[in-house]
Amino acid sequence: QKQDKSVAPTISALSGVILGLCMNSMKSGDDIGGWSISTIMNLINVGLGIGKFTLLLESLKTYMIESDDKHGVEPWNSCRVERMHLLRWYTSNVGVVRKRAIQEFTLSNGNNSDSDCEDESKSNAPSTKESKATKKLVSQQTTEIEELKCKLAEAEESISANSLEVKHLRKRMESNPSQLDDLLNECTTKISGLEIQNQALSSKLTVNESDLKESNRQNDAASVLLKEEVDKARNETRVVLEDKTNLQE
């Protein structure tokens, strides 16, 4: 069913966060009341898919930061302080859930690909090891990108809070500017420093995403070359067997 954009997806999003936090507290091989990491990931993949799942978690934030108290997420929309506390808690835990879900999604795909390669000949063993190493690298880079996104979100939140503080200081400065000039300059300097850090994190995130795409491209190219080599070896083997059969005849 399509979600009405005017209504916050409170139950779905909070249920997804709670489910993700349960998965994050589990270890590999845990089975608690029939629930395990694999069953939770299957539920996410079959129900929404990892992409729509992360979009659902992020979509609730737009209702929490709504400046108009008539909107937002009930029942927290009636109090600005409660809404801000909920937003901090929710943002932090969404980052944790997204990071763990993407880790499990990447690793599960890697394990499935590895099982498909078990029937290949022994000559493919080095390539299989390289493929596993590449998958681990992709998983690590994905984790790093998610960590950078969390840091970037924290930096943006800090900048927003400092900007609000500066606005209050400016209002106070209008009545007594001589005592607040130094304090305002100090806050302005802090904000400039945070903006620089924000830009640096954004640049690093872009570089990591580029590296991840290049790693995936190289892995795909290596897989194509490996398949061509295997096909060529099979054709050569078939020709040799045919020649041997003809000679015996």
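Lys 61 and Glu 58 sit three residues apart in helix H3 (residues 50-64), so about one helical turn separates them. Helices here are DSSP runs of H or I, at least four residues, and strands are runs of E, at least two, numbered from the N terminus. The side chains of these two residues form a salt bridge, 3.0 Å from N to O. That term means a side-chain nitrogen of Lys or Arg within 4 Å of a carboxyl oxygen of Asp or Glu.

This is a predicted model: local features need pLDDT of at least 70, side-chain atom pairs count only at pLDDT 80 or more, and totals for chains, interfaces and linings use all residues. Residues are numbered from 1 along each chain as its sequence is written, and side-chain values use heavy atoms, with hydrogens and water left out.

Is Lys 61 buried or exposed? Lys 61 is buried, at 17% relative accessible area, while Glu 58 is partly exposed at 25%. Buried is under 20%, exposed is over 50%, and partly exposed lies in between, with a 1.4 Å probe and protein chains only.

Now helix H6, residues 181-248. Lys 190 and Glu 186 are four residues apart there, about one helical turn, and their salt bridge spans 3.8 Å, N to O. Glu 242 and Arg 238 pair at 3.2 Å, N to O, and are also four residues apart in helix H6. Glu 242 is partly exposed at 41%, as is Arg 238 at 44%.

As for the whole, the structure has six salt bridges, and the protein has six helices and zero strands.
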